[in-house]
Amino acid sequence: NLPALISYIDQNLRYQFVNETATEWYGMRSDEIIGRTVSEIFGEAAYEGFRSYIERVLGGEEVRFELDFVFPDGAARLVQAIYIHHFVNKSEVIGYFVLAHDISKSHEVEKDLRTSQRMLGDLLASTQEGYWQIDNQTFTVEVNQSMCRILDRERDEILGKTIFDFVDAENANTFRNQIANR
C-alpha cells in the first residue's frame, strides 16, 4: 500500500480506479467510489473548490496544488495533489490521474524550522559572543554583528572568505586540526 492516493477519473468525471489509500482517505470501499462522479463523492460545495483544477487538467494542463482535506476521522490535513491528463491520439484528453499525498507533517517541520531559524537569528543578533559559521571548505557562510566587531570588519568583508584569511599561522594550525577532527 503506497502512502499516496492514486486514482483515475474519466472525462465524465467518474472514478475508474482508486488505490487503497484513496479508500482510506474517502472512508469508502472502492466499489462505493468506482463509477461515481467527483461531485457525488465530495458533494457539490467541495466539487466547486476542485472545479478550476479539473477544467485545467481536462484542458490538457498538468495541475499541482495544495489544499486542506478533511479526512473521515474529522482531521484536516494539508494535501499536495497533482492532476495529470490522459491523452488519446496525442490530442484528446480522456481523463486524468490523481496523485496526492499528505504533507501536513513536512509542512509542520518546515514551519518549526523557520521558527527555530528566526529564534537562532534573534539570539545571534542579541548576544555579545561572536558567532562564525564556516562550511566544509572553510568558507564563511554566516557571522553575527558581535563577530564583525571582534574582527573589526563589515559582514560583507567576511562572508565568502575562508577562516584562514583572518587568523595567524598558529591559530590556522589549530583550526586545521579542529576541522580535520570533525
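Leu 5 stands opposite Ala 100 in E5. This pair belongs to the antiparallel pairing of strand E1 (residues 5–10) with strand E5 (residues 92–102), which runs over six bridges. Helices (H or I, at least four residues) and strands (E, at least two) are DSSP runs, numbered from the N terminus, and two strands pair if DSSP finds at least two bridges between them. The model is predicted: local features need pLDDT of at least 70, side-chain atom pairs count only at pLDDT 80 or more, and totals for chains, interfaces and linings use all residues. Residues are numbered from 1 along each chain as its sequence is written, and side-chain values use heavy atoms, with hydrogens and water left out.

E1 and E5 are part of an open sheet of five strands, ordered E2-E1-E5-E4-E3 with antiparallel pairing. Its edges are strand E2 (15–18) and strand E3 (63–70), each of which pairs on one side only.

E3 is joined to strand E4 (residues 76–88) by eight bridges, again antiparallel. Within this pairing, Phe 65 stands opposite Ala 81 in E4. The hairpin of E3 and E4 has five residues between the strands, and Gly 74 there takes a positive phi near 90°.

Thr 23 lies in helix H1 (residues 20–26). Thr 23 counts as buried because its relative accessibility is 16%, where buried means under 20% relative accessible area, exposed over 50% and partly exposed in between (1.4 Å probe, protein chains only). Leaving aside residues up to four places away in sequence, Thr 23 touches Val 18, Met 28, Arg 29, Ser 30 and Ile 33, contact meaning heavy atoms within 4.5 Å.
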